[in-house]
Amino acid sequence: MSKFLVNLKINSIPVTVEEGTTILDAAKKINFKIPTLCNHPDLTVAGNCRVCVVEVKGARLLAAACATPVSEGMEVFTNSEKVRSARKHVIELLLSEHNADCTKCFKNGHCELQDLANEYRFGDHVFLDLVKAKDKIADMSSPSIVKDDSKCIKCQRCVRTCEELQAVSALAVINKGDHQKISTFLNKPMNEVVCTNCGQCINRCPTGALTERNYIEDVWKAIYDPNKFVVVQTAPATRVAVGEYLGLEPGHRVTGKMVSALIKLGFNKVLDTDFTADLTILEEGYELLTRLKRVLVDKEPVALPMMTSCSPGWIKFQEHIFPDLLDNLSTCKSPQQMFGALAKTYYADKINIKAENMVVVSIMPCTAKKFECERPEMRDSGFKDVDYVLTTRELAMMIRQAGIEFDKLEDQHYDSILGESTGAAVIFGATGGVMEAALRTAYEVVTGREVPFTNLNIKPVRGMDGVKEATIKIKNTLPEWNFLEGVDLNVAVAHGLSNAKKVMEAVKAGTVNYHFIEIMGCPGGCIGGGGQPIPTSMEIRKKRTEAIYMEDEGMPLRKSHENPEVVEIYKDYLGEPNGHRSHDLLHTHYKPRIRY
Amino acid sequence: MKKVDIIFEIDEKNTPFTILEKTLTRSPDAIILDLIDSGLKGRGGAGFPTGLKWKFTKNEVSNTKYVICNADEGEPGTFKDREILDRVPEKIFVGIAICGYVIGAKEGYIYLRAEYNFLLKNLLPKLDNFNAFLKKLGFDFNIYMKSGSGAYVCGEESALFESMEGKRGEPRNKPPYPTVAGYNHKPTVINNVETLVYVSMICGMGPQKFKSYGTTDSRGSKVFSVSGDTPIPGIYELELGMPLNEFVNEFGDGDAKAIQVGGASGFCVPRKKFNDTIIGFEGIPTGGSMMIFNSTRSMYNVLHDYLEFFNEESCGQCTPCRVGCQQLLKGIEAVKKGEKPPSYLEELKRLAVTMKLAAKCGLGQSVGNPFSSIIDNFREEIIY
């Protein structure tokens with residue numbers, strides 16, 4: 001349906017846009033940038049920071065460009081004296097209530113308020129400093145997220161993120177006037193509320209009010225300690241994003257450079273979470289097939305549909321919001337935690353290092369992984385399986401601190417063992433990837449043939465639709481799987497917790513008939529994770545996703561069960577998928593949590 | 001200055017019930033024409049022509065529309081709606097029902113400020129009785145009561161809708177306006193208590209009688225809440241367009257040095273300007289609050305009180321209002337203490353202009369009214 005066109009003038013330049021376009025977007029079209037703070041492409045319009053006010057001829061008041069639709073014949077001025085004066089005031093006001101100790105801030109250099117202050121060059125503050133020393137104490141209760149109210153500019157991007165994208169609403173506005181702030185249920189610390197640690201709020205916070213809990217110094221300390229053997233693992237989505245914080249455009253694949261940088265940073269072994277992603281497919285795939293067998297053959301009551309368990313933000317969401325569906329979660333640990341448990345047992349034995357001397361560091365696109373590694377269940381090696389989790393952003397900072405010129409690095413390969421992977425593991429980084437990888441393996445296990453999709457690309461589960469569904473008919477099974485003959489395997493994929501919630505509600509209501517559901521806590525999956533480079537937008541997430549699928553296509557092996565190290569570990573150590581040892585090391589359980 | 005008796009008048013032959021019965025036999029368009037002809041403007045303070053507001057909402061195509069009576073009377077110094085709600089609630093109900101009939105709504109709401117919940121004891125039985133009367137008339141319309149939670153900003157219409165929807169009371173972006181997307185994002189007429197009473201009275205007595213009061217720009221009369229340094233505080237219905245000196249002569253204590261017209265968010269008029277200030281839309285419009293200050297009062301304290309009020313009642317959503325209120329308050333304190341030079345007041349006045357131009361809603365936009373009018377007229381009291 002074509003929309004009506006509207007003609008207007010911005011700074012005396014005629015422009016024609018579709019009806020309903022905001023002044024902000026119309027100005028963008030003719031290359032006038034209007035500054036914004038509360039506006040974000042992933043969120044609904046708030047119009048509360050007022051940095052984007054512009055003058056509309058004939059109007060009594062200035063208009064918020066982000067919230068005002070264009071109208072026919074409108075004449076807009078984005079930089080008139082009136083606008084500039086008001087805009088300067090607004091920024092000065094924000095600075096007057098902002099803890100502007102920029103040099104000590106984790107977001108220094110990545111702060112939108114700092115950028116604006118930079119553009120306008122205020123010199124001495126005109127207004128009184130409203131930040132009280134006692135307010136500068138940050139909430140450090142969460143292992144994932146640091147909330148520092150003294151840096152908050154009340155744009156409410158975090159509140160909208162938590163509500164609109166994630167359906168969690170751990171963060172909300174409380175009080176009014178000078179006591180207004182962003183807080184939690186009953187003002188409780190972040191680790192005591194419904195927060196899933198997904199970090200999406202961090203990705204959208206324009207300042208340093210919400211940041212990841214950073215463990216950079218702890219990791220350096222471990223690296224410098226001669227008695228420690230420091231092993232690093234890298235998640236699939238990091239390799240298509242870390243370059244964004246090191247001067248490259250979104251969508252660059254930098255796997256080899258990242259490995260090279262990690263070696264130069266001084267890690268003793270550079271290994272890959274992709275290895276345990278492949279292992280997850282085997283464990284989770286067999287778990288699904290076992291559940292189906294128990295239902296179809298043994299007629300046992302088994303929780304179906306089964307849901308993936310790779311995303312710790314999603315896991316905590318489920319524990320809080322849908323505790324009655326915990327049996328439906330796959331018991332598989334996430335690839336990060338499978339890696340940790342194997343590193344300090346199987347791998348430590350192989351390389352003859354004592355587990356107590358080993359430090360496992362993860363590079364993750366995720367802040368919830370920081371919480372996950374602290375869970376008491378994640379100590380099956382007898383030690384804390386994963387010691388430190390760094391976000392993609394923290395890794396970029398370490399690389400810069402070490403003075404490594406990232407774009408000039410030669411590509412290097414992961415160490416072996418626990419470094420080999422397939423294309424199926426790489427696509428874990430994008431929404432639909434776990435499902436696709438699982439189907440590539442499960443279908444072949446059951447039928448002895450490859451999945452019936454061109455070039456193994458299972459397109460129906462790819463893409464940015466919030467909820468995706470697919471049905472695969474299982475035909476001509478191998479004899480041992482004949483109970484699946486003719487079965488329509490119904491699968492669904494959701495990313496972002498608000499989409500997850502929709503799917504869960506449908507499951508609870510019994511309006512859907514899925515067997516297997518992939519859920520990722522973050523929009524776009526891990527490539528849009530809460531630990532990924534800022535900014536984020538649909539466009540950026542799509543570029544990272546394209547890079548992920550290119551990486552997959554370029555791999556010699558693209559099915560998890562063909563990963564030679566995976567084959568080897570079953571032969572050598574684990575026995576069989578879902579076997580006894582697997583259950584000791586690679587599987588876990590979940591616990592219900594309170595609703596707020 | 002003429003005292004008028006329309007709002008509280010009890011006419012045994014022309015009761016609100018008979019007015020409603022009679023009005024429901026007329027066409028909606030005829031009623032709108034009468035309202036436009038009467039020149040009635042909203043009595044909450046903003047002064048939007050009531051007939052036009054109804055016409056816009058009537059013209060919207062929607063299966064669901066709402067009428068809302070804004071009884072969140074929170075402006076400091078205003079207490080006339082409380083009296084109206086207590087003494088002549090049926091006149092309000094009739095105004096709401098007529099509006100429902102005109103725009104095609106099935107539900108009306110009275111959003112009552114939390115502090116007025118004590119009125120419910122009297123109001124609710126009368127409302128039940130009225131809803132039963134509507135049923136008897138065969139008019140498919142019902143009026144409900146909703147209670148606020150104590151925030152001043154919820155008197156702002158879009159914040160009021162948010163509050164009614166069970167959300168935090170924060171003003172919305174405009175457009176869209178309530179006539180297009182109000183409560184539950186459906187076309188909504190929202191009128192002040194007093195406006196709705198005038199609607200029912202105009203429907204009863206005809207627009208000509210109403211028009212015979214007031215001036216060209218300010219038709220009719222208005223209920224004033226008179227307080228401060230006056231021997232006779234209270235509620236008075238007065239003709240619009242009166243010069244302020246006449247008001248002071250009637251209500252002052254002989255020593256008035258300033259009148260705050262329109263409550264905390266209104267304007268301060270000093271004695272020297274009493275003679276050439278008109279109370280009405282052509283001069284200083286008001287939601288009804290008239291606060292009289294005599295020479296014993298410190299205007300610094302008056303302004304300080306107002307700013308403390310705004311500082312507390314800003315919803316905190318938009319920057320100019322949230323931070324601006326704090327800066328204005330702390331700014332005059334700093335000037336008073338000598339921590340900032342008197343010239344800092346000029347800086348603050350420029351800030352007040354920004355707040356007026358850039359704040360998201362009427363609350364933040366009007367803080368500059370008392371600020372600048374008090375600073376301009378009583379500068380020495382602020383500094384020394």
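**Strands, sheets and domains**

Author: This is a predicted model. In chain A, strand β10 (residues 229–234) runs parallel to β11(A), and four bridges join the two.

Reader: Which residue in β11(A) is the bridge partner of A:Val231?

Author: β10(A) and β11(A) are joined by four bridges. Strand β11 of chain A covers residues 269–272. The partner of A:Val231 in β11(A) is A:Lys269.

Reader: Are the residues of strand β11 of chain A buried or exposed?

Author: A:Lys269 and A:Leu271 point one way from the strand. A:Val270 and A:Asp272 point the other way. For both pairs the answer is buried.

Reader: Which residue in β16(A) is the bridge partner of A:Lys473?

Author: β15(A) and strand β16 (residues 488–495) of chain A run antiparallel and are joined by seven bridges. The partner of A:Lys473 in β16(A) is A:Asp488.

Reader: Turning to chain B, how many helices and strands are there, and why is chain B called as compact as a globular protein of that length?

Author: Chain B holds 16 helices and 11 strands. For its 384 residues the globule rule gives 21 Å, and chain B is therefore as compact as a globular protein of that length, since its radius of gyration is close to that value, at 21 Å.

Reader: What share of the residues in chain B is buried?

Author: A residue counts as buried if 20 or more other C-beta atoms lie within 10 Å of its own. Of the 384 residues in chain B, the buried share is 56%.

Reader: How many residues does domain 1 of chain B give to the contact with domain 3 of chain B?

Author: Chain B is divided into three parts: domain 1 (16–211), domain 2 (221–294) and domain 3 (299–376). The C-alpha centres of domain 1 and domain 3 of chain B lie 32 Å apart. Domain 3 of chain B gives eight residues to the contact, and domain 1 of chain B gives nine.

Technical notes:
Residues are numbered from 1 along each chain as its sequence is written. Chains are lettered from A and ligands numbered from 1 in the order in which they are written. This is a predicted model: local features need pLDDT of at least 70, side-chain atom pairs count only at pLDDT 80 or more; totals for chains, interfaces and linings use all residues. Domain bounds come from an automatic or database domain assignment. Two residues are in contact if their C-beta atoms, placed from the backbone, lie within 7 Å. The radius of gyration is taken over C-alpha atoms; the globule rule is 2.2 Å times the number of residues to the power 0.38. A residue is buried if 20 or more other C-beta atoms lie within 10 Å of its own, exposed if 12 or fewer, and partly exposed in between; C-beta atoms are placed from the backbone. Two strands pair if DSSP finds at least two bridges between them.
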